[in-house]
Amino acid sequence: MRMYDIIKKKRDGGELSTAEIEFFIKGYVDGSIPDYQASALCMAIFYKGMTERETADLTLFMANSGDTVDLSVFGNTTVDKHSTGGVGDKTTLIVAPVVASLGCTMAKMSGRGLGHTGGTIDKLESIEGFNTELTSEAFFKTVKKTGLAVVGQTGNLTPADKKLYALRDVTATVDSLPLIASSIMSKKLAAGSHTIVLDVKYGSGAFMKTPEDAQDLATEMVKIGNNCGRNTSAVITNMDIPLGNNIGNALEVKEAIEVLTGKGPEDLKTVCISLASQIVSLSKGVSTEEAKTLTRNVLESGKAFLKFKEWIGAQGGNTDWIENPELFPKADYQYEIKATENGFISHMDAEKIGICAVILGAGRETKADSIDMSAGIVLNKKTGDEIKVGDTLATLYTCKKETFINAEKNFLDAISVSESKTHLLPLIYKII
Ligand code: URA
């Protein structure tokens, strides 16, 4: 078999065989296929697409390209969630303790912030003492005891995806449906959970800009998961606007605590209840309506908050901060952005607002950058809200005062104002 022939076949619109896909993944991981041939194939896939069978094969060979996690000691109770990435997306911090308090087992690996999007691991590390690098033994022990643990990706999981993702990032081949679907699902399959619920985002802050594109991606990933014997479902949610009001690591943990203690913004609560009830319904075999009631009950009774505290403590986090969020370190400087016209906010570009948070120090401009855990944005107004001259649109937080000018410019660039109230896109577009 020759890589040249595989590239040519895909370039001309052919369907690759299982053996050809295996040859490519094995050869790329062991180094016998060079980057230039792998990038040529990615570009051919970008233009010609892949059949369902090809995408499933690609996913499986990537999932098995390195270590896999065996969660079989927990039986069929293991659940995982995955978000395709967004701004202000702190849903894992809420959904994980909610489903764990309802008897699901969440042994989860999460990522750090990427570009304009935040990452769960960075958010958790804003809590004093929280350890995201447990040994395998400590990880399993914590899951057994609390039903829940979240760590950063460790070991040699899906090396094919690690290499391919880095290559796609620099060859303009990230936004290809079969390549995104296989990249995400290979990691989910390797991470070992029985039930997988995908939060597929659409809108200005997401990879998929329209709900229709998000639906195509979700459908493909759900098929792959189910065909591989995992209970898989997807919730397509709005990332046209940041989720909730707080963006930035410690600010987002504080907002998650608000929701877990019966407060917090409605949009965030709605998305969390939808994701959690989907997980509970699939894992426990109860109707979505019943799962929704169970989910609401553990949020309202405080049971989910107690589970959250237990989990944070079990991974070394200071639970005094959870009891009293005022203890989180505050940014040295804060600055209010004021409205300069009357009207209604007709659009907020979530990606630009995410970049604004990065400028303030809440994310990394380069891999080596450290994060200012206290930095970020609190939105006082969101899409659909009426504004008057002088109203505070948002409050910016940072320890680097010099970032305010650039951050404010980016924030104002992200906002559109109209004379009348505009139609809001749905928060939950569809469940697949
Ligand atoms: N997230 C991933 O893990 N992979 C992609 O290709 C895109 C988003």
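Which residues is Leu198 in contact with, leaving aside its neighbours within four places in sequence? In this predicted model, the residues in question are His82, Ile184, Met185, Met221, Val222, Thr232, Ser233, Ala234 and Val235. One of these residues, Ile184, is also part of the surroundings of the ligand.

- Leu198 is found in strand S4, which covers residues 195–202.
- The relative accessible area of Leu198 is 0%. Because buried means under 20% relative accessible area, Leu198 counts as buried.
- Met221, one of the residues in contact with Leu198, is 23 residues away from Leu198 in sequence. In space, the C-alpha atoms of Leu198 and Met221 are 8.4 Å apart.

**The ligand and its shell**

- Tyr165, Arg168, Ile180, Ser183, Ile184, Lys187 and Phe207 surround the ligand.
- By class, this shell consists of four nonpolar, one polar and two charged residues.
- Two helices, H8 (159–169) and H9 (177–190), each supply at least two residues of the shell. Helix H9 gives the most, with four residues.
- The side chain of Arg168 has an N or O atom 2.9 Å from an oxygen atom of the ligand.
- For Ser183, a side-chain N or O atom lies 2.6 Å from a nitrogen atom of the ligand.
- For Lys187, the corresponding distance is 2.5 Å, between a side-chain N or O atom and an oxygen atom of the ligand.
- Taken alone, the ligand exposes 240 Å², and the protein buries 91% of that area.

**The nonpolar cores**

- In soluble globular proteins, nonpolar side chains tend to be buried together.
- The largest nonpolar core of this model has 73 residues. Within this core, Ile94, Val98, Val99, Trp311, Ile377 and Phe411 touch the most other members.
- Helix H12 (residues 266–284) contributes the largest share of this core, namely eight residues.
- Phe411 touches Ile337, Met348, Ile353, Cys356, Ile377, Leu379, Leu393 and Ala394, when residues up to four places away in sequence are not counted. Among them, Ile377 is itself listed with Phe411 as touching the most other members of the core.
- A second, separate core has 20 residues, including Leu41, Cys42, Leu164 and Leu167.

Note on methods
Residues numbered from 1 in each chain as written. Predicted model: local features only at pLDDT ≥ 70, side-chain atom pairs only at ≥ 80, totals over all residues. Heavy atoms only, no water. Near = heavy atom within 4 Å. Polar contact = N/O pair within 3.5 Å; in protein donor to acceptor, adjacent residues only side chain to side chain. Areas by Shrake-Rupley, 256 points an atom, 1.4 Å probe, with all protein chains shown as cover. Nonpolar A, V, L, I, M, F, W, Y, C, P; charged D, E, K, R; others polar. Core = buried A, V, L, I, M, F, W, Y, C linked by side-chain atoms within 4.5 Å. Buried < 20%, exposed > 50% of the residue type's maximum accessible area, 1.4 Å probe, protein only. Contact = heavy atoms within 4.5 Å.
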